[in-house]
Amino acid sequence: MTVKRTLCGPAGRKGGSVALDFSFSDSEEQVRAATRRMLDGFAPRRAELQRQILKEQHFPEELWQAFADAGLLGSLIPEAYGGNGAGLLPLAIAMEEMGMQGYASALLVVTAMDTACLVQNASEELKRRVLPEVAAGRQKLCFALTEATAGSNSFRLRTTAKRSQDGKHFLVTGEKTFITGADVADRMLLVVRTTSLADCQSKGLPKAYGLSIFFVDPKGPGISMTPLPTRGIEGFRQWTVAFDEAEIPADGLVGELDQGAMALFTSLNPERILAAALAGGIGRHLVRKAVDYAKDRVVFGDRPIGSYQGIAHPLAEITIELEAARLLTYKSAWAFDHRLDPAEVGQAANYAKFQSARVALKAVDRAIQTHGGSGFSEDVGIIYFWEAMRLLKTAPISEEMILNYVAEHDLGLPRSY
Ligand SMILES: Cc1cc2nc3c(=O)[nH]c(=O)nc-3n(C[C@H](O)[C@H](O)[C@H](O)COP(=O)(O)OP(=O)(O)OC[C@H]3O[C@@H](n4cnc5c(N)ncnc54)[C@H](O)[C@@H]3O)c2cc1C
């Protein structure tokens with residue numbers, strides 16, 4: 001039975017009240033069950049698949065297709081465009097479930113974040129052309145924002161797009177870096193400047209003005225990529241992608257010209273929320289592995305190491321923190337699905353990502369510690385997650401930038417930069 005309580009105060013934002021219900025709907029439970037069933041099908045080969053993903057940086061095509069066939073890639077896509085419109089919360093539940101079974105895919109997260117952006121900002125023609133392909137698993141998407149001189153500060157990016165004389169194309173020049181999966185992605189969501197920062201400053205326009213987003217074929221003419229040996233992302237490599245007057249179709253513009261900043265946030269929030277879900281799931285996977293080992297491993301006498309509080313308490317503490325991270329993650333996905341004010345979604349997404357990334361890193365540390373030397377064994381399969389969970393302190397948004405956001409927006413403290 002669902003027990004509903006009514007809250008006032010912050011939750012009842014518009015002076016009214018909001019029901020607070022922690023139960024899942026039938027369809028959300030079905031997504032969790034379907035994801036579990038789908039992954040159970042791979043259970044006999046899990047070790048081999050995980051090895052491919054974590055060690056060889058290769059995400060098996062059959063897994064991608066299975067996610068699509070389970071309807072997960074269509075979660076953010078309305079039925080009219082070939083999806084099921086289930087929403088971000090079911091997708092977050094599925095990502096968490098994946099993590100709990102020890103699977104992670106950054107490009108699934110990126111494809112979902114791009115999808116969210118396309119659904120809300122792309123032209124009708126582009127949506128009809130692309131979204132059914134994504135839902136069916138036939139198109140993978142990457143995301144190109146970061147440049148050598150523009151990471152945390154996206155407004156400083158310098159890659160520019162200028163409209164061609166016939167107006168049908170834009171010519172793109174510049175270089176993106178750290179682009180995950182650019183080699184295997186069929187399309188890229190590319191963030192550029194169509195009005196330079198200097199022009200914005202001289203005209204008194206805000207620095208957020210002048211960004212534009214394009215849907216681009218990363219293997220198109222004038223675009224080249226170079227591998228960037230990087231650690232931390234499972235299943236996919238990072239690339240530097242150079243644009244040398246690359247001609248891209250004008251009809252690939254997503255959202256309004258020069259107004260890409262708002263559209264950008266329709267993708268960055270889902271990215272943070274899904275990264276949080278995945279991290280929380282992996283945290284649970286690692287705690288479970290540690291607990292199984294601690295129940296079994298005997299070092300002194302005949303009692304397993306799990307009976308020592310030095311081993312048990314940190315795992316118990318992480319379990320509580322994982323639950324807090326899970327609640328923040330679900331809340332943020334719910335806020336996105338209910339189309340709350342973007343600032344509210346942004347706040348919830350930041351909290352969720354911060355907490356999940358922190359606890360996931362703690363979980364991998366304690367899983368290694370619990371396993372002793374075996375924690376470093378490739379066969380045990382924990383050590384790979386050390387880099388992946390550590391990355392989350394830095395990307396897709398760093399801890400510092402989240403704390404900056406909270407200090408400024410939630411606490412009203414002055415900005416230092
Ligand atoms: C494995 C991997 C995969 C990636 N995949 C992608 C991708 O697919 N697409 C993409 O576009 N990008 C990608 N990135 C880039 C990633 O998003 C950036 O690395 C990240 O946003 C940080 O930017 P930066 O590296 O330029 O760090 P910088 O912005 O140079 O920051 C350096 C340090 O200074 C801190 N700092 C900066 N400003 C402040 C401030 N005002 N206050 C306090 N501290 C501050 C930062 O938090 C950080 O710790 C990836 C990165 C990695 C490592």
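# Briefing: ligand shell, domains and core

The shell around the ligand draws at least three residues from each of domain 2 (142–260) and domain 3 (262–410), where the domain bounds come from an automatic or database domain assignment. This is a predicted model, in which local features need pLDDT of at least 70 and side-chain atom pairs count only at pLDDT 80 or more, while totals for chains, interfaces and linings use all residues. Residues are numbered from 1 along each chain as its sequence is written.

**Ligand shell**

- The ligand is surrounded by 24 residues, the closest being Thr 146, Gly 151, Ser 152, Ser 398 and Glu 400; a residue is counted here if its C-beta atom, placed from the backbone, lies within 6 Å of the molecule.
- Strand 3 (141–144), strand 5 (169–180) and helix 12 (399–410) are the elements that give two or more residues to this shell, with helices (H or I, at least four residues) and strands (E, at least two) taken as DSSP runs numbered from the N terminus.
- The shell has 13 nonpolar, 10 polar and 1 charged residues, where Ala, Val, Leu, Ile, Met, Phe, Trp, Tyr, Cys and Pro count as nonpolar, Asp, Glu, Lys and Arg as charged, and the others, Gly among them, as polar.

**Domains 1 and 2**

- The protein is divided into domain 1 (21–139), domain 2 (142–260) and domain 3 (262–410).
- The centres of domain 1 and domain 2, taken over C-alpha atoms, are separated by 25 Å.
- Their contact takes 21 residues from domain 1 and 17 residues from domain 2, two residues being in contact if their C-beta atoms, placed from the backbone, lie within 7 Å.
- On the side of domain 1 that touches domain 2, two or more residues come from each of helix 2 (46–54), helix 5 (106–121) and helix 6 (124–135), and helix 5 gives the most, with 8 residues.

**Core and buried residues**

- The largest nonpolar core has 119 residues, and those with the most contacts inside it are Ala 92 and Phe 214; such a core is a set of buried Ala, Val, Leu, Ile, Met, Phe, Trp, Tyr and Cys residues joined through C-beta atoms within 7 Å.
- Helix 8 (residues 260–296) provides the largest share of this core, with 15 residues.
- Glu 96, which is found in helix 4 (residues 88–100), counts as buried because it has 28 C-beta neighbours inside 10 Å; a residue is buried if 20 or more other C-beta atoms lie within 10 Å of its own, exposed if 12 or fewer, and partly exposed in between, with C-beta atoms placed from the backbone.

**Helix span and backbone features**

- Helix 10 (residues 342–371) reaches 43 Å from its first C-alpha to its last, close to the 44 Å expected at 1.5 Å a residue, the expected span being 1.5 Å times one less than the number of residues.
- Most residues other than glycine have a negative phi, and most peptide bonds are trans.
- A cis peptide bond, with omega of about 5°, joins Ala 395 and Pro 396, and Pro 396 is found in the loop between helix 11 (383–391) and helix 12.
- Glu 245 has a positive phi of about 45° although it is not a glycine, and this residue lies in strand 9 (residues 238–249).
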